[in-house]
Amino acid sequence: MSNTHASPYGTLPPASPVAARKPISLPRLNELRERGEKITMLTAYDATFAAVADAAGVECILVGDSLGMVCQGLSSTVGVTLETMRYHVESVARGIRRVQGTAWIVGDLPFGSYQESKEQALRHATVLMQAGAHMVKLEGGGWTTETVHFLVERGIPVCAHLGLTPQTVHALGGYRVQGRGDSATKLRHEALALQDAGASMVVLEMVPKPLSTSLTLELPTCHTIGIGAGNGTAGQVLVMHDMLGVNLGKNPKFVRNFMEGQTSVQAAMSAYVAAVKDGTFPDNAKHAWA
Ligand code: KIV
């Protein structure tokens, strides 16, 4: 079997042998977790980068609303619309299909698209699922539990997002570490309630390592995906632009530039996958809250 992709986008780098890899599904993610293998996730927003990430062995591609900041030049994710998310989810799904990729695609529900009611969330989650997402992500605990249950009961896998939730950056007072001191108990209860509601994944963003590590043990059916949360989680996620060192602003402290020492984007992504799998990323010493 040829190792190159016929692509309308130009020449894509040689892929890992696709036939040797199983499509990623919820049971497959459970399998990885059971055998103690870390889950890898990266953001991607278009067909080509999604295909490259897939070829590098990234299991989950998050079409994150961070695209508002890295693609659209917005100062936060608040201005991202459902139509923009639909467009990017569709592009990523098309890219993965073209290369017969295996990645699990997570589509972010943007600010204002799920807060009104669970029916509103279902309508908008349907838009992203029909565009090619396998799962939707929404931010927040507490009030989101009922919505998560409503979506999961209707066949839509859900990834929750706790800790630093960028859509509520104005309420949080900035991009700060969450879940310290007394707020750790609240975050823990929210995470357990989200698991009970059926969330099969939760992003834990900028929370202390002891909290994310103990939550990982307490959430056997809801895979913890950390970002700035230490290396005790079931998996890791990074914003692609950050890990390629092409962020327009300042990189968060916990990010590593995986392009360093590499000669291609695919090699950088493969290095990320290897470092997450062997536990050398994240490096806990790089951020004080770990
Ligand atoms: O939108 C996004 O990229 C995210 C990640 C930071 C987890 O939510």
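**Helix packing and local backbone features of the predicted model**

Gln100 is exposed, with a relative accessible area of 62%, where exposed means over 50%, buried under 20% and partly exposed in between (1.4 Å probe, protein chains only). The structure is a predicted model, in which local features need pLDDT of at least 70 and side-chain atom pairs count only at pLDDT 80 or more, while totals for chains, interfaces and linings use all residues. Residues are numbered from 1 along each chain as its sequence is written, and side-chain values use heavy atoms, with hydrogens and water left out.

Gln100 belongs to the loop between H4 and strand E3 (104-108); helices (H or I, at least four residues) and strands (E, at least two) are DSSP runs numbered from the N terminus. Although Gln100 is not a glycine, its phi is positive, near 50 degrees. A positive phi near 50 degrees is also found at Met206, likewise a residue other than glycine. Met206 lies in the loop between strand E6 (201-205) and H9 and, at 10% relative accessibility, counts as buried. Pro282 is placed in the segment after helix H11 (265-277).

Two helix pairs were examined. Helix H4 (residues 82-98) packs with helix H5 (residues 118-130) at an angle of about 25 degrees, and their axes are 8 Å apart. Axes are lines fitted to C-alpha atoms, for helices over the stretch in contact, and angles run from 0 to 180 degrees between N-to-C directions. H4 and H5 are therefore roughly parallel to each other, given that angles under 35 degrees count as roughly parallel, over 145 as roughly antiparallel, 65 to 115 as roughly perpendicular and the rest as oblique. Leu82, Met85, Arg86 and Val89 of H4 meet His124, Val127 and Leu128 of H5 in this contact, contact meaning heavy atoms within 4.5 Å. The residues involved in the contact of H4 with H5 comprise five nonpolar, one polar and one charged; Ala, Val, Leu, Ile, Met, Phe, Trp, Tyr, Cys and Pro count as nonpolar, Asp, Glu, Lys and Arg as charged, and the others, Gly among them, as polar.

For helix H8 (residues 183-197) and helix H9 (residues 209-218), the packing angle is about 25 degrees and the axes are 11 Å apart. H8 and H9 are therefore roughly parallel to each other. Their contact is formed by Ala184, Leu187, Arg188, Ala191, Leu192 and Gln195 of H8 and by Leu211, Leu215 and Glu218 of H9. By class, the residues of the contact of H8 with H9 are six nonpolar, one polar and two charged.

Helix H8 also contains Glu190, which is buried, with a relative accessible area of 16%. Leaving aside residues up to four places away in sequence, Glu190 touches Gly141, Gly142 and Leu162. In helix H6 (residues 144-153), the buried residues are Thr144, Thr145, Thr147, Val148, Phe150 and Leu151. These buried residues of H6 pack against H5, strand E4 (135-137), strand E5 (158-163) and H8. Just after H6, Gly155 adopts a positive phi of about 90 degrees.

Ser76 is located in the loop between helix H3 (67-70) and H4 and counts as buried at 9% relative accessibility. When residues up to four places away in sequence are not counted, Ser76 touches Met69, Val169, His170 and Tyr175. The side chain of Ser76 reaches the backbone nitrogen of Val78 at 3.2 Å.

Definitions and conventions
A polar contact is a pair of N or O atoms within 3.5 Å; within protein, one must be able to donate a hydrogen and the other to accept it, and residues adjacent in sequence count only if both atoms are side-chain atoms.
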